[in-house]
Amino acid sequence: MTPDFKNAPVQPGKNGGLAGARFWIRTFGCQMNVYDADRLRTVLRHLGMNEAEDADVTIFLTCSVREKAEQKILSELGRFREAYDRGEVPLVAVLGCMAQRVGEQLVKRYPWVRVVAGPRHLGMVPQAIEQARGDGRARFLLDDDPHSLYDLETAPLARANAFKAFICVAYGCDRFCTYCIVPHVRGRFQSRKMEEILSEVRALAESGAVEVTLLGQNVDAYGSDLSPAVPFADLLEATSCISGIKRVRFATSHPADFSPQIVDAMARNEKICRAVNLPVQSGSDRILQKMNRGYDTAQYLEIVSLLRKKIPGVAITSDLIVGFPGETQDDFERSVELLERVRFDLVHTAAYSPREGTPAARSDEQLDARVKASRLNAVNALQSRIAREINKTYVGGIYEILIDGTAPKGEGLLQGRTSSDKVVLVRGPREWIGRFAVARKQRASHRGMGWGGGWYRIPGTRTN
């Protein structure tokens with residue numbers, strides 16, 4: 001559907017109907033949605049809106065990667081029915097990947113939804129909300145053209161975490177893995193200009209961020225579509241040179257695009273964190289080919305070897321799918337062997353979930369749910385053991401951590417991360433949040449799926 005207003009940054013005063021109204025943002029899924037939520041929050045506050053759970057406008061940033069994620073969001077939307085029947089429902093906006101995939105069907109099922117917008121129309125959302133509040137009509141901002149982009153031209157200055165920030169460096173993906181919905185809902189790959197990114201990082205640093213994470217559905221491919229091309233390694237190093245930035249992370253990598261230049265940049269620049277998420281997805285070359293991943297296990301292991309040779313202590317995490325259509329017991333055992341051989345610090349595991357519109361979902365080789373569940377349980381148990389063994393090697397060592405907030409559980413505990421992205425818990429005052437601390441590891445655990453956890457003694461702290 002063709003948008004009925006132009007792509008332009010929202011200016012104060014243009015949407016006076018929003019001033020004084022209350023909004024609440026619910027975020028599901030990936031770090032890209034967190035970035036989008038923070039930017040949208042920044043703009044809505046700038047327009048005079050107030051953030052409150054008891055809101056006039058409730059906004060959902062949605063995910064479509066797995067069916068379970070969509071079902072959770074649909075359940076949340078259903079909770080508004082009683083208020084709708086009483087005539088007290090707030091205006092509801094559904095944004096992001098699920099909004100793009102389901103489209104106008106959302107309004108037919110949930111008539112209290114008044115704004116439906118795909119990921120590449122975020123820049124039009126504030127005005128669409130203002131218009132819908134004015135006349136009650138639904139607005140559909142769907143990404144009919146996978147190359148078009150109507151983005152919010154603002155940095156995420158109003159963040160949930162003042163000391164850490166995400167920044168998108170490239171939109172969409174052109175890889176078309178046969179199981180993945182992302183290219184269908186986020187459009188074609190498109191890099192942002194390097195100076196535009198660096199300008200946003202400077203704004204983030206001025207707002208108090210000391211750590212930034214460069215984001216892309218396939219972040220390693222950054223700059224390949226620019227003229228002249230800009231290697232992602234150059235962007236990493238340029239970001240680390242910006243005053244005030246102490247740490248630089250990046251996600252998510254694709255083994256087919258991960259270059260030795262990235263490893264070299266990490267090796268010579270300590271501000272680039274010693275952590276890489278490198279999704280392997282399967283240990284079977286046959287399944288990797290069916291997935292259209294563009295590499296085999298030998299190539300993947302070569303990258304792992306290079307990382308560990310040039311960056312001692314690097315933490316390598318991964319993603320793994322079990323139960324992909326046609327996966328035999330032998331294919332599954334190849335994945336188990338890969339986990340044993342590589343010994344990842346963390347693996348995000350999942351049983352294959354069919355996504356409508358992808359080639360894998362149309363396969364007639366779907367596996368029984370019980371087989372997928374059994375295989376998932378097996379790899380989870382294995383990875384928990386491996387992670388626990390790895391984390392025990394950290395006991396007694398001294399590490400620098402950035403304390404970035406309170407721990408989800410445990411009164412009086414704070415949480416931070418090492419450069420290698422190990423989650424740590426410390427006991428101390430809230431005034432430590434935002435500081436770097438030097439910690440001696442006293443205890444280790446597998447922390448669920450494998451993050452390094454445990455208790456730390458703090459010999460001392462330093463400010464940024």
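Strand S16 (residues 413-418) is mostly covered, with six of its six residues buried. Buried here means under 20% relative accessible area, exposed means over 50%, and partly exposed lies in between, using a 1.4 Å probe and protein chains only. The model is predicted: local features need pLDDT of at least 70, side-chain atom pairs count only at pLDDT 80 or more, and totals for chains, interfaces and linings use all residues. Residues are numbered from 1 along each chain as its sequence is written, and side-chain values use heavy atoms, leaving out hydrogens and water.

S16 pairs with strand S15 (residues 398-406) through five bridges, running antiparallel. Two strands pair if DSSP finds at least two bridges between them. Helices (H or I, at least four residues) and strands (E, at least two) are DSSP runs, numbered from the N terminus. Thr406 stands opposite Leu414 of S16. S15 and S16 form a hairpin with six residues between them. In its turn, Gly410 has a positive phi of about 105 degrees. Five bridges also join S16 to strand S17 (residues 423-427), again in the antiparallel sense. Here Leu414 faces Val426 of S17. The hairpin of S16 and S17 has four residues between the strands, and Asp421 takes a positive phi near 70 degrees.

Strands of a sheet pair through backbone hydrogen bonds, either parallel or antiparallel. S7 and strand S10 (residues 211-215) are joined in parallel over five bridges. Phe166 has Thr213 of S10 as its bridge partner.

Axes are lines fitted to C-alpha atoms, for helices over the stretch in contact, and angles run from 0 to 180 degrees between N-to-C directions. Contact means heavy atoms within 4.5 Å.

## Ser148 in a loop

Ser148 sits in the loop between strand S6 (139-141) and strand S7 (164-168). Ser148 is buried, with a relative accessible area of 15%. Ser148 and Ile73 are 75 residues apart along the chain, and their C-alpha atoms are separated by 26 Å.

## The S12-S13-S14 sheet

A further open sheet has three strands in the order S12-S13-S14, with parallel pairing. Its edge strands are S12 (275-277) and S14 (346-351), each pairing on one side only. The twist averages 10 degrees from one strand to the next. Three bridges join S12 to strand S13 (residues 315-322) in parallel. Asn277 stands opposite Thr317 of S13.

## Helices H13 and H14

The axes of helix H13 (residues 329-342) and helix H14 (residues 369-392) come within 10 Å and cross at roughly 10 degrees. H13 is therefore roughly parallel to H14. Angles under 35 degrees count as roughly parallel, over 145 as roughly antiparallel, 65 to 115 as roughly perpendicular, and the rest as oblique.

H13 contributes Gln329, Phe332, Val336, Leu339 and Glu340 to the contact. H14 contributes Arg375, Ala378, Val379, Leu382, Gln383, Arg385 and Ile386. These residues divide into seven nonpolar, two polar and three charged. Ala, Val, Leu, Ile, Met, Phe, Trp, Tyr, Cys and Pro count as nonpolar, Asp, Glu, Lys and Arg as charged, and the others, Gly among them, as polar.

## Aromatic pairs

The structure holds 10 aromatic pairs. One of them is formed by Tyr394 and Tyr399, which are tilted, at 5.5 Å centre to centre and 45 degrees between the planes. Rings of Phe, Tyr and Trp (its six-membered ring) pair if their centres lie within 6.5 Å; planes under 30 degrees apart count as stacked, over 60 as edge-to-face and the rest as tilted. Tyr394 is buried, with a relative accessible area of 15%. Tyr399 is partly exposed, at 24%. Ring pairs also link Phe28, Phe60 and Phe80 into a cluster.
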